[in-house]
Amino acid sequence: MNIQWYPGHMTKAKRAMKEDVKLVDLVIELVDARAPLASRNPDIDSLAAGKGRVILLNKADLASEKANAVWITYFESQGFQVMKIDARAKATLKQLNALIQEACKEKIERDRRRGILNRPVRAMVVGIPNVGKSTFINKLANRKATVTGNKPGVTKAQQIIRVAKDFELFDTPGVLWPKFEDEHIARNIALLGSIKQDILPLDDLFVYVMTYLTKYYPDLLKERYGLEIDLDDSDWLLKAFDHIAQKRKIKLLRGETDYDRVIQLVFSEIYDGSIGKVTWEDYTCVKD
Ligand code: GDP
């Protein structure tokens with residue numbers, strides 16, 4: 001899926017979410033574990049004000065284990081209930097349920113004081129495009145088909161799925177867009193693989209990726225491409241291109257290294273995760 005930049009579309013989605021959120025106790029926000037801040041939209045905090053909050057670090061299977069742990073601690077320190085998941089895997093409903101109960105503790109207590117027992121927690125899933133919302137909802141609902149968009153004629157009541165005895169879910173996720181205007185955010189989102197390649201400045205991104213991996217994941221470059229980069233060497237970029245091209249037997253183009261093919265190879269391995277588990281948002285920058 002490609003992220004498209006339609007301001008009208010976004011405004012409409014935000015308005016729909018504002019309405020839906022009134023009907024729920026809990027907002028389950030999916031973020032991409034490889035860039036957990038860039039893949040959020042800060043509007044969620046005002047949209048979900050007063051609701052129970054859960055953050056799920058999705059696609060945790062593609063992110064660095066060490067970084068996952070740091071990000072979990074970070075979001076917990078911000079007062080969220082947090083869990084890392086792979087939305088494609090068998091739903092960790094039990095663990096999720098514990099998190100939900102904790103996030104909605106006050107609501108459950110309030111119900112009890114009013115004599116309302118066992119009213120299920122109602123939740124909605126929100127997140128940016130491609131973060132895994134439909135995969136997650138379908139997994140929880142135990143079904144294959146994707147239900148997307150607000151279907152005309154389908155009432156809200158019909159759009160609610162009972163997932164467990166004490167847990168209900170809207171089958172339509174709320175969509176929010178990342179802040180593409182911020183260049184760091186746009187770059188990190190680009191590295192998650194959901195933006196059309198042909199609109200990206202791939203040459204610049206390639207330099208960034210190589211520098212970042214050399215700094216934080218040198219072992220991975222060594223394992224994948226047998227590559228060691230010395231960033232102090234003014235020729236490091238050309239040498240890296242030549243090295244990867246040779247290693248992967250990329251044919252010469254008019255007697256020279258085919259730079260475009262090297263770039264494409266590296267990005268396709270980043271997007272499908274075969275490069276290894278990488279978190280693009282520098283977790284060392286997380287401070288309180
Ligand atoms: P949505 O736009 O937020 O509804 O995202 P989708 O549910 O359509 O997922 C986008 C893509 O990410 C699909 O190709 C999914 O198979 C994939 N995906 C979703 N969750 C995970 C996950 O936890 N790990 C991995 N590796 N891929 C995932």
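Guide: We begin with contact, which means that heavy atoms lie within 4.5 Å. The model before us is predicted. Here, leaving aside residues up to four places away in sequence, Lys222 touches Leu227 and Glu228.

Visitor: In which helix is Lys222 placed?

Guide: Lys222 belongs to helix H9, which covers residues 218–225.

Visitor: Why does Lys222 count as partly exposed?

Guide: The class of partly exposed lies between buried, under 20% relative accessible area, and exposed, over 50%. Lys222 has a relative accessibility of 45%, so it counts as partly exposed.

Visitor: Let us turn to aromatic rings. How many aromatic pairs are there?

Guide: Two rings pair if their centres lie within 6.5 Å. By this rule, there are eleven aromatic pairs. One of them joins Phe206 and Phe241, with 4.7 Å from centre to centre and 15° between the planes.

Visitor: Why is the pair of Phe206 and Phe241 called stacked?

Guide: Planes under 30 degrees apart count as stacked, and the angle for Phe206 and Phe241 is 15°. This pair also links distant parts of the chain: Phe206 is in helix H8 (residues 202–216) and Phe241 is in helix H10 (residues 236–247), 35 residues apart.

Visitor: Are Phe206 and Phe241 buried or exposed?

Guide: Phe206 is buried, at a relative accessible area of 1%, and Phe241 is buried as well, at 8%. Phe241 also forms an aromatic pair with Tyr259, at 4.7 Å centre to centre and 70° between the planes, which is edge-to-face. Phe241 is in helix H10 and Tyr259 in helix H11 (residues 259–271), so this pair ties together parts 18 residues apart in sequence. Tyr259 itself is partly exposed, with a relative accessible area of 29%.

Visitor: Which residues do ring pairs link into a cluster?

Guide: The cluster consists of Tyr208, Tyr212, Tyr216, Tyr217 and Trp280. Over the ring of Tyr208 sits the charged end of Arg187, 3.7 Å from the ring centre.

Visitor: Finally, what is the mean pLDDT of the protein, and where does pLDDT stay under 50?

Guide: pLDDT expresses the predictor's confidence in each residue. The mean for the protein is 87, and 88% of its residues reach 70 or more. Over residues 147–153, pLDDT stays under 50, and the model has ten contacts beyond four places in sequence for them.

Key:
Residues are numbered from 1 along each chain as its sequence is written. This is a predicted model: local features need pLDDT of at least 70, side-chain atom pairs count only at pLDDT 80 or more; totals for chains, interfaces and linings use all residues. Side-chain values use heavy atoms; hydrogens and water are left out. Rings of Phe, Tyr and Trp (its six-membered ring) pair if their centres lie within 6.5 Å; planes under 30 degrees apart count as stacked, over 60 as edge-to-face and the rest as tilted. Helices (H or I, at least four residues) and strands (E, at least two) are DSSP runs, numbered from the N terminus. Buried means under 20% relative accessible area, exposed over 50%, partly exposed in between (1.4 Å probe, protein chains only). A charge sits over a ring if NZ of Lys or CZ of Arg is within 6 Å of the ring centre and within 35 degrees of the ring normal. pLDDT is the predictor's confidence in each residue, from 0 to 100.
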